[in-house]
Amino acid sequence: MQAAQTRFIVRGIPTEHAQALRSGGHDAHGQAPLTSVARGLGNPCRHCLQLIADGDTKLVLAYRPFSAPQPYAETGPVFLHQADCERYEADHLPAWFAHLAPALVRGYGANDWIVYETGRVVPGAELADACRSILAREDVAYVHIRSKFNCFQCRVERG
Ligand SMILES: [Zn+2]
C-alpha cells in the first residue's frame with residue numbers, strides 16, 4: 001500500500017466512556033475522576049479532541065486506551081470536559097495538533113502490542129504523514145498519538 005494514499009480516521013474516546021466518567025464512574029485506577037479548573041492552553045479533551053477553554057472545569061483521570069489490561073496497555077493521565085461535548089470523528093487531525101512539539105506516534109498490532117519499528121517522535125505538523133506511513137504497514141492495526149509527556153491523545157485507524 002502506498003503511504004500517501006492511506007486514508008485515516010481519527011476519533012475521540014468513546015462517548016459511553018466519557019459519559020460514565022462524568023457521572024462519577026471510576027477511572028482506570030479505580031478512582032473517581034478529579035475536577036480542576038483548566039488554566040492556559042495545555043488542556044486537551046480526549047472526547048472532542050479540542051482544547052478546554054481557560055477557566056472551564058475539566059476532569060483529570062487515569063485512562064487506559066485499550067479494552068483489557070495486558071503488558072502493553074499503558075495507562076496514564078488525561079483530561080475531559082466536565083460538560084457534555086461532541087465526540088471527534090474526522091478524516092483529519094485536529095488543527096491544533098500541528099502545535100504539538102513534539103508528539104509521539106506509534107503503531108499497534110491486532111494483539112494491542114506495540115510494533116516497535118513504528119515508534120517516532122515528530123513535530124506536530126508531520127503527524128498526518130507519520131500516521132499514513134505507519135498505517136500503510138500490514139502488521140499495524142491502529143496508531144496512537146501521544147504528547148511529549150507520553151499522555152495519550154487519540155487513536156487513528158485506516159479510513
Ligand atoms: Zn470535550
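This is a predicted model: local features need pLDDT of at least 70, side-chain atom pairs count only at pLDDT 80 or more; totals for chains, interfaces and linings use all residues.
I'm calling a residue buried when its relative accessible area is under 20%, and exposed when that figure is over 50%.

**Entry: Tyr-72 and Tyr-116**

Next I counted ring pairs and got 6 aromatic pairs. Tyr-72 and Tyr-116 make one of them: I find their ring centres 6.2 Å apart and their planes at 65°, so I put the pair down as edge-to-face. Where do Tyr-72 and Tyr-116 lie? I traced Tyr-72 to the loop between strand 3 (57–63) and strand 4 (76–81), and Tyr-116 to the loop between strand 6 (103–108) and strand 7 (120–122). The pair therefore ties together parts that are 44 residues apart in sequence.

**Entry: Trp-96 and Phe-97**

I then turned to Trp-96 and Phe-97, another edge-to-face pair, with 4.7 Å from centre to centre and 75° between the planes. Buried or exposed, I wondered about Trp-96? Its relative accessibility is 15%, so I noted Trp-96 as buried. Phe-97 has a relative accessible area of 1%, so Phe-97 went down as buried too.

**Entry: a cluster, and charges over rings**

I followed ring pairs through Phe-66, Tyr-108 and Tyr-142 and saw that they link up into a cluster. Tyr-142 also has a charged neighbour: I found Arg-155 over the face of its ring, 3.8 Å from the ring centre. Elsewhere I noted Lys-58 over the face of Phe-79, at 3.7 Å from the ring centre.

Terms used:
Residues are numbered from 1 along each chain as its sequence is written. Side-chain values use heavy atoms; hydrogens and water are left out. Rings of Phe, Tyr and Trp (its six-membered ring) pair if their centres lie within 6.5 Å; planes under 30 degrees apart count as stacked, over 60 as edge-to-face and the rest as tilted. Helices (H or I, at least four residues) and strands (E, at least two) are DSSP runs, numbered from the N terminus. Buried means under 20% relative accessible area, exposed over 50%, partly exposed in between (1.4 Å probe, protein chains only). A charge sits over a ring if NZ of Lys or CZ of Arg is within 6 Å of the ring centre and within 35 degrees of the ring normal.
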